[in-house]
Amino acid sequence: MPDYSEGLQLKIEDDDPRFNSALARGLAILRSFHIDQQFLANADIAERTGIPKPTVSRLTYTLTQLGYLRYREDIGKYEVAAGVVGLAYPYIAKQVVPSAARPLMLKLAAETNLNVGLGVVEGLSMLYLEYAPGDIKSNRRQRVGFRVPLVRTAMGRACASAMSPQQHKELLEAMQHYYPKEWQSLWRELEESFEQYQKHGYVISVGTFAKLTNTVAVPFIWGDSGTIMAFNAQGPAHLQTPARMQRIGKKLLALTDEVREVLVRGVPGPQYPTI
């Protein structure tokens, strides 16, 4: 199985005097939970984060009192609670690209029987902002917030291809730290993706993350913030032949043009009932 936690960076210390280690440790604990580790004991969290167990115990108690964690008496472990949804909502609610793209993504997914996603860069990870299933046997894990590693996925490599020289430099430095043994080979693979993007406008990934899945992706940048996103389309390797991925890559390029056109026209905001 792919490691869905790969690329997750848990930073708890920094030499900068402005860095608050206590806050960083609390956030690192929340980030320790993911789809394959939904329940964690204090000892599990201490091992995963490097935070001393007594400190973990105080922080998990505090996070539970604040509504971000829930303690399961039946298994003696913690799980993420509903409070974390409130933290994500202000970010998700202001995103205009997912709402503009969703109808077009659903249309492309239905036409191709491929799973179409929209993700955004977060460190060495990609986080899904929207998802349109085209395959009835699609990965049910892929929802808003689903995390995959940047350097091993077409979505991540497409985003890396659209980065500025300074962002490339920062990405390389982060890779050297996170992948001390693999970073040179991974960087070469990224450079090959850059060449694909320069030549075709899309990036193809053949089993680089999920071995039986082939994916094609196109970067998308919108707005003044310079936030880098990407659309992808993925399917089983026996169906996603190189020739088909090239055709799908062109469809994704057309999709980005359509999304941009919708955004230029303006996307109606959500309507809320008066209370």
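Val-203 stands opposite Ala-217 in β7. The model is predicted, so local features need pLDDT of at least 70 and side-chain atom pairs count only at pLDDT 80 or more, while totals for chains, interfaces and linings use all residues. Residues are numbered from 1 along each chain as its sequence is written, and side-chain values use heavy atoms, with hydrogens and water left out.

Four bridges join β6 to β7, and the two run antiparallel. Here strands (E, at least two residues) and helices (H or I, at least four) are DSSP runs numbered from the N terminus, and two strands pair if DSSP finds at least two bridges between them. β6 and β7 form a hairpin with six residues between them, and Gly-207 in the turn has a positive phi of about 60°. Strand β7 (residues 213-221) is also joined to β8 (residues 228-236), antiparallel, by nine bridges. Ile-221 has Ile-228 in β8 as its bridge partner.

The order β5-β4-β3-β8-β7-β6 describes an open sheet of six strands with antiparallel pairing. β5 (147-149) and β6 (203-206) are its edge strands, each pairing on one side only. On average, neighbouring strands are turned by 35° against each other, direction ignored.

Helix α9 (residues 242-265) packs on this sheet and touches β6, β7 and β8; contact means heavy atoms within 4.5 Å. The direction of α9 makes about 30° with that of β7. Axes are lines fitted to C-alpha atoms, for helices over the stretch in contact, and angles run from 0 to 180 degrees between N-to-C directions.

## Helices α2 and α3

Helix α2 (residues 42-49) packs against helix α3 (residues 53-65) at an angle of about 115°, with the axes 9 Å apart. On the α2 side, Asn-42, Ala-43, Ile-45 and Ala-46 meet Lys-53, Val-56, Ser-57 and Thr-60 of α3. The residues of this contact comprise four nonpolar, three polar and one charged. Ala, Val, Leu, Ile, Met, Phe, Trp, Tyr, Cys and Pro count as nonpolar, Asp, Glu, Lys and Arg as charged, and the others, Gly among them, as polar.

## The largest pocket

The largest pocket holds about 1,600 Å³ of space. On a 1 Å grid over the protein atoms alone, a pocket is an open set of points where a 1.4 Å probe fits, with protein on both sides within 12 Å along at least five of seven lines; lining residues have an atom within 4 Å of a point. Points are joined across faces, edges and corners, and the volume is the space filled by probe spheres set on them.

Of the 41 lining residues, Arg-31, Glu-122, Leu-127, Gly-145 and Arg-147 are the closest to the centre. The lining has 26 nonpolar, eight polar and seven charged residues. Helix α4 gives the most, with seven residues.
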